[in-house]
Amino acid sequence: MPIAVILDRPQNPANIGTVVRAMKNMGFSDLRLVTPAPFERADLLRYAHRCDDLVAALTIHPTLDDALTDATYVVGTAALVHPGRPYRTDVRNLAVDLTERAASGRVALVFGTEADGLDRAALDRCHLVASLPVNPDYPALNLAQSVLIFLHELRLATIDEPSLVAEQESVLASQGELTQLFVLTEALLYEIDYFRYSPESVLRDLRQV
């Protein structure tokens, strides 16, 4: 299934290793790291036993945009509600929807730093923000736990509806193409002197549209 797990600026190699193990458990293999803290790939295998293939295949990216280039649908994960953004907590139903979307393009699940989660710039790249329905008095999960639960739901959706994973010709714009669109849009808006207030706010509204 074309689903990528993206860790944005992970700080603890132990967490990266346990994410690798969770992905192997659930049958996923596309792991992308955005400017992670320094680590040796061999160290990850202390937490990801017999996961040499996934550790060898993981990719490291200088920016989140680079990691998202081929994605057609992006879900950011968060422990808290972010007002004004599309938001879901019905993860079991969401998993079915994402499995359907993965039949026509790559879906990306983005997880933020262990301490602070996804920042505003990262959330601007997401079509949707999703939270796990946990105890509201203690919503923060360990990074690998969060990845494992999301992937477990996706695996259940695949088992329940195996026909959904059939490959179809993609007709959706990738994040790389959308990034080019936004860059060109910003340049053109500057050229016509469109901005009357914060360009960042205007472009954020355009992204949401």
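**View A. The largest pocket of the predicted model holds about 470 Å³ of space.** Its lining comprises 24 residues, and those nearest the centre of the pocket are Thr77, Ala78, Ala79, Gly117 and Leu141. Helix α7, spanning residues 143-160, makes the greatest contribution to this lining, with 3 residues. By class, 14 lining residues of the largest pocket are nonpolar, 8 are polar and 2 are charged.

**View B. Helices α8 and α9 cross at roughly 135°.** Helix α8 covers residues 175-191 and helix α9 covers residues 199-208; their axes come within 11 Å. Angles of 65 to 115 degrees count as roughly perpendicular and those over 145 as roughly antiparallel; α8 and α9 are therefore oblique to each other. The crossing of the two helices is right-handed. On the α8 side, the contact is formed by Phe182, Thr185, Glu186, Leu189 and Tyr190, which meet Pro199, Leu203, Leu206 and Arg207 of α9. This contact of α8 with α9 consists of 6 nonpolar, 1 polar and 2 charged residues.

**View C. The second largest pocket, with a volume of about 200 Å³, has a lining to which both α8 and α9 contribute.** Each of these helices supplies at least two of the lining residues. The second largest pocket is lined by Asp65, Asp124, Arg125, Thr179, Phe182, Val183, Glu186, Glu200, Leu203, Arg204 and Arg207. Among them, Phe182, Glu186, Leu203 and Arg207 also take part in the contact between α8 and α9. The lining of the second largest pocket divides into 7 charged, 3 nonpolar and 1 polar residues.

Key
Residues numbered from 1 in each chain as written. Predicted model: local features only at pLDDT ≥ 70, side-chain atom pairs only at ≥ 80, totals over all residues. Heavy atoms only, no water. Axes fitted to C-alpha atoms, helices over the stretch in contact; angles between N-to-C directions. Helix = DSSP H or I, 4+ residues; strand = E, 2+ residues; numbered from the N terminus. Parallel < 35°, antiparallel > 145°, perpendicular 65-115°, else oblique. Left-handed = near helix turned anticlockwise from the far one by under 90°. Contact = heavy atoms within 4.5 Å. Nonpolar A, V, L, I, M, F, W, Y, C, P; charged D, E, K, R; others polar. 1 Å grid on protein atoms, 1.4 Å probe; cavity = no way out; pocket = protein on both sides within 12 Å on 5 of 7 lines; lining within 4 Å. Points joined across faces, edges and corners; volume = space filled by probe spheres on them.
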